[in-house]
Each structure stands twice: as C-alpha cells, then as structure tokens.
Amino acid sequence: MTIASTISKVSYVGNGSTAAFAIPFYFVKDEDIGVVLRGSDGTETAQTLTTDYTLSGAGNPLGGICTMTSTPESGETLVIHRDPAMVQETDYQENDAFPAQTHEKALDLLTMICQALSEKLDRAVIFQITSSVSGITIQEPEPGSILMWNGAGTGFENGPDATDIENAQSNASVAALSATSATDMAAQAEASAVRAESGAQEATAAAEGLSAGPEPGNPAQNWRLGSGAYQDLVFLDGAADWNPGSLASGAGESLSVPVPGAQIGDFALVSPPCDIQDCSCSAHVREQGVAEVRLENLTGAAVDIGSGSWRVRVMKRIPLEVA
C-alpha cells in the first residue's frame, strides 16, 4: 500500500470520561506506537503498552484505537505518536520470485521512520537554511547556569548563574542611583553658580558706585552709586555666633544675624570666622533689621565647618533730597 498522509502524531485533551482515542494513521505493529501523558503541571510520563493502554488496528491502513486503562483527567493531554524501531527486518532470498508485498511493507516502514524523524526535527531548534554555521558543540551542563555563545561564535558555553545575574542587577541599580545623585548635585551646583554670578554683578555695581563717591560720612557732596543720586553711604554691621558643624554633600544651613536699620534691597556682605573649605557662602537682607547668611556644601563630600562669630556688613544708600 501507499502512505499518502504525513500525519504521525495526534493529541487529545482529557475530560475525565473518555478512555478510547482514535489513531488516524497507519502503523504496522503495536510496538511502533508511543503514548505520552502530559500532566497539568507540564510533567510528561511515557505510558506502557498493556499496562497503561491497549491498541487495536495494527496493519490497518485507516489506523486504529488506543484505549487507556485510566481515563485522562481534565487538564491532562494525551499524545499518541508513531515511533517505529530503526531496523531493517526484511530478508530477500536469492533467486526467489520478487516479493512485492514484503518489499512494499519494507518501504512503508522506511517511510514511517522518516516521518517520525521529521516530526522530531520539527520540534528541534535549527539554524536558517542560509546559515553557514555547522559543527556546533555544547559543554556539559552546569546546574543554574545559562547557556550562551562563546566569544568566537563557534559553540555554546556555560555562562553566569542566577547569583551572578542577581549581583549584576543589584550593581546596575546602585549605578542608576549614583547617576541620579550626580545629576541632582550638578543641578545644585549650577543653581549656586547662578547665585554667585548674580552676587558678583551686584558687588561690581557697588564697587563702581563707591569708586565715584566721596569718603563715607561726608553728606555735603552729591555723588552717584550705580544709578540715581545719593548723599551718603552708611555701613551697618552685625554679628552672631554660629557652629554649622558637619555638612553632608549637597546640604546647607542658614544663620539669622540682627542688623538694626537694614532693609530689604540693601547690599550685604558676610565675613566667615574660619576656612569654609570651598563651600558656597552668601548674605542678604531677609527682612527689616535681619540679615541671613547661607552656607551650602557643593564640594561632593562631607565637610566640618568650625564655630565662631560670623560678621555681616550691610551697605545702606541714602538718596539725595532734591529741594
């Protein structure tokens, strides 16, 4: 007979009641059939002929029936496949008449073997037909390790295990946090630079005005400080004891210094009593009679600032009264 169908495997979903399952393909003998039961958890168990199932229909071109001893339950899958032994059992006798029927059965068996191999290859991982890769090797398995290409791309090798991957993920998280922190510090440094530039411009304007004016305390002369006419420049001083202590990177502290007569808009300068270790320091009049000193650590490391008396000088402009 001929074998026109390429079907060599069939699967059924269990329902807890059906025990007989059709085999829709030709098989020569019962031993050529394999039966596998897949559990709901994915575990596969090979079934044993006469113990777990019986067959009927061997040699029938239309196929046969597989009857299970125990009915597959819901969630289980029954797979019936043709898997003949790869042997050649036909013996031709010299000078005998050509045994057409025996010869055809031998060809049928070879076709079944080819179909069984084809079904297995269909489930295998293979390279594309245009690939020139061949002779790929795989190392002995290492529990918990991943399989990866070697550096030359000529084979597989055992790679990192779950612990290595977990450590790499942890290191990546730490690096991401460090990058975020660095970005924040850069933004703080940029903001401080803007404030410093603004303070420098104010100081330059004050210096230009002072260079054009008279000696302090001589209200008889009319002179200019920046824009507008002024009669005199008054210096108001204040001081306060302060111990900023240890400042973490990016941290800042503020000090209120009483300066009677000071008003918002007056120029303010601060004189630290010790080395501020490259920290940013500025002063401004926060409210009437009170100046505020601001100390910020933008060095990238913790610093410890000493204690002492912090002095503030406020420069107050007195406008010229026009009669």
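Strand E3 (residues 33-38) is largely enclosed by the rest of the structure, because five of its six residues are buried. Buried here means under 20% relative accessible area, exposed over 50%, and partly exposed in between (1.4 Å probe, protein chains only). Strands (E, at least two residues) and helices (H or I, at least four) are DSSP runs, numbered from the N terminus. The model is predicted: local features need pLDDT of at least 70, side-chain atom pairs count only at pLDDT 80 or more, and totals for chains, interfaces and linings use all residues. Residues are numbered from 1 along each chain as its sequence is written, and side-chain values use heavy atoms, leaving out hydrogens and water.

E3 pairs with strand E7 (residues 77-82) in the antiparallel sense, over six bridges. Pairing requires at least two DSSP bridges between two strands. Arg-38 has Thr-77 as its bridge partner in E7. E3 also runs antiparallel to strand E4 (residues 44-46), joined by three bridges. There, Leu-37 is partnered by Thr-45. Five residues lie between E3 and E4 in this hairpin, and Gly-42 in the turn has a positive phi of about 90°.

Val-234 lies in strand E11 (residues 229-242). Val-234 is partly exposed, at 27% relative accessible area. Beyond residues up to four places away in sequence, Val-234 touches Val-314, Met-315, Lys-316 and Ile-318, with contact meaning heavy atoms within 4.5 Å. Val-234 and Lys-316 are 82 residues apart in sequence, yet 5.0 Å apart in space, C-alpha to C-alpha.

Val-133 sits in the loop between helix H1 (100-122) and strand E8 (145-149). Val-133 is partly exposed, with a relative accessible area of 36%.
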